[in-house]
Amino acid sequence: MNESPPFLEIRGLVKRYESVVAIEHVDLSIARNEFLTLLGPSGSGKTTILMAIAGFVKPTEGQILLNGRDLVPLEPEERELGVVFQGYALFPHMTVAQNVAFPLELRKQPRDAIRRRVKEVLALVDLERFASRRPAQLSGGQQQRVALARCLAYSPDLLLLDEPLSALDRQLRQRLQTELKTLHRKVGVTIINVTHDQEEALSMSTRIAVINHGRIVQLGTPTEIYDHPVTSFVAQFIGRSNVLEVERTETAGGMPVAVVAGRRLPAGWIGAAGGKKAYSIRPEHIDVLPAGALPGGTSDDLQVVLEGRIEDLVYQGSMTLLDVQTPIGLMRAELSTSRLAFEPEIGADVVLRWESVRGRIVDADELVVV
């Protein structure tokens, strides 16, 4: 049985600005009704990819196929895509209802049909009671929902979001992340979102494409990206991770082992053979115990045990962060404050312990030794 073709397919996309390469041979397939996030640091190329899809950036090479039709030769207005920019781009002299109606009027739809559709989409984003207000009378979150409603009004096949939540405060941003996710389920539109916010990407997306230096360095579900990073860049950029330089790798009892500063660290996974490697362990996977809590305890195939001394301590209410100096370097541990088995103090001797299967041996593409 033949698989159905991808809804959106990017083939060999390249964008050069004279000697600067912004996008380097990007290939990406997106299924219908997906919520894909392009995630990466500033200057990584994620926005250039989005703007190429929208038609505001002309690729140097490559194709962008929507339902098999190449979008590259088309002007932005010919692509019938919905785009929500960071600044929302609402018309200040128009009411909310007029802003939402504007793209429908451009398409010369009947007046009664426009009124019905405006009412429908304002109800969808819970803004019916604000229909007669102007953008200046709305909060940032409400303006963002108006911009979304304006795009949804003409039922685009694809909705492109260019960091629409970045200007909002933390609490409002988190609430709108939930609303966007719910809206996506209700409407079923395919969404491509650009952000540098890892929490936003993890909480909203069905898949994440991690972008760096104009390339996709990893593509997968939020769980795959977080739990199974394939490079040191991904391990450090998505959440926090202790990433350590590996001297060499070995195998013991079928389990990969990283040798770091002379210590053997069994791991649950190793990437492709060859190239420089790094060892990654998430701070939340590390237990911190008072010195002497593990009499005679040593590393083995099941656990890694390291002695250390607390260099710094950060109390965050529900969480306590500890920086511990160990024989293999400075390690960060994150522990639930309510589950701490002792009262940590700067300068105290401690023991670090974590399950060997939690460790990852990844490709050292951008190694930051901690």
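**Stop 1: α3 against α4**

Select helix α3, residues 111-124, and helix α4, residues 140-153. In this predicted model, α3 passes α4 in a right-handed crossing. The two helices pack at an angle of about 135°, and their axes lie 9 Å apart. That makes α3 oblique to α4.

Now show side chains. From α3, pick R117, V121, L122 and L124. From α4, pick A149, L152 and A153. These residues make the contact. Colour them by class: 6 are nonpolar, none is polar and 1 is charged.

**Stop 2: α2 against α3**

Which residues of α2 meet α3? Select V96, A97, V100, A101, L104 and E105. Their partners in α3 are I114, R117, V118, V121 and L122. The contact of α2 with α3 divides into 9 nonpolar, no polar and 2 charged residues.

Leave R117, V121 and L122 highlighted. They are listed in the contact with α2 and also in the contact with α4.

**Stop 3**

Is H93 buried or exposed? Its relative accessibility is 53%, so H93 counts as exposed.

H93 touches both, leaving aside residues up to four places away in sequence. R134 is 41 residues from H93 along the chain, yet their C-alpha atoms are separated by 6.9 Å.

**Stop 4: the six-stranded sheet**

Follow the chain back to β6 and bring up its sheet. This is an open sheet of 6 strands with mixed pairing. Trace the order: β6-β7-β8-β3-β9-β10. The edge strands are β6 and β10 (215-220), each pairing on one side only. On average, neighbouring strands are turned by 15° against each other, direction ignored.

Strand β9, residues 207-212, pairs with β10 in the antiparallel sense over 5 bridges. Find I211 there: I216 in β10 stands opposite.

**Stop 5: helices on the sheet**

**Stop 6**

Move to residues 248-252, strand β12, and residues 255-260, strand β13. They pair in the antiparallel sense over 5 bridges. Where is the bridge partner of A252? It is M255, in β13. This hairpin has 2 residues between the strands. Select G253 in the hairpin: this residue takes a positive phi near 60°.

**Last stop: the whole protein**

Zoom out. The protein has 8 helices and 22 strands. Along its principal axes, the C-alpha trace spans about 80 × 45 × 45 Å. Of the 370 residues, 47% count as buried. Take the contacts between residues at least 6 apart in sequence: 67% of them join residues at least 24 apart.

Notes:
Residues numbered from 1 in each chain as written. Predicted model: local features only at pLDDT ≥ 70, side-chain atom pairs only at ≥ 80, totals over all residues. Heavy atoms only, no water. Axes fitted to C-alpha atoms, helices over the stretch in contact; angles between N-to-C directions. Helix = DSSP H or I, 4+ residues; strand = E, 2+ residues; numbered from the N terminus. Contact = heavy atoms within 4.5 Å. Nonpolar A, V, L, I, M, F, W, Y, C, P; charged D, E, K, R; others polar. Pairing = 2+ DSSP bridges. Buried < 20%, exposed > 50% of the residue type's maximum accessible area, 1.4 Å probe, protein only. Parallel < 35°, antiparallel > 145°, perpendicular 65-115°, else oblique. Left-handed = near helix turned anticlockwise from the far one by under 90°.
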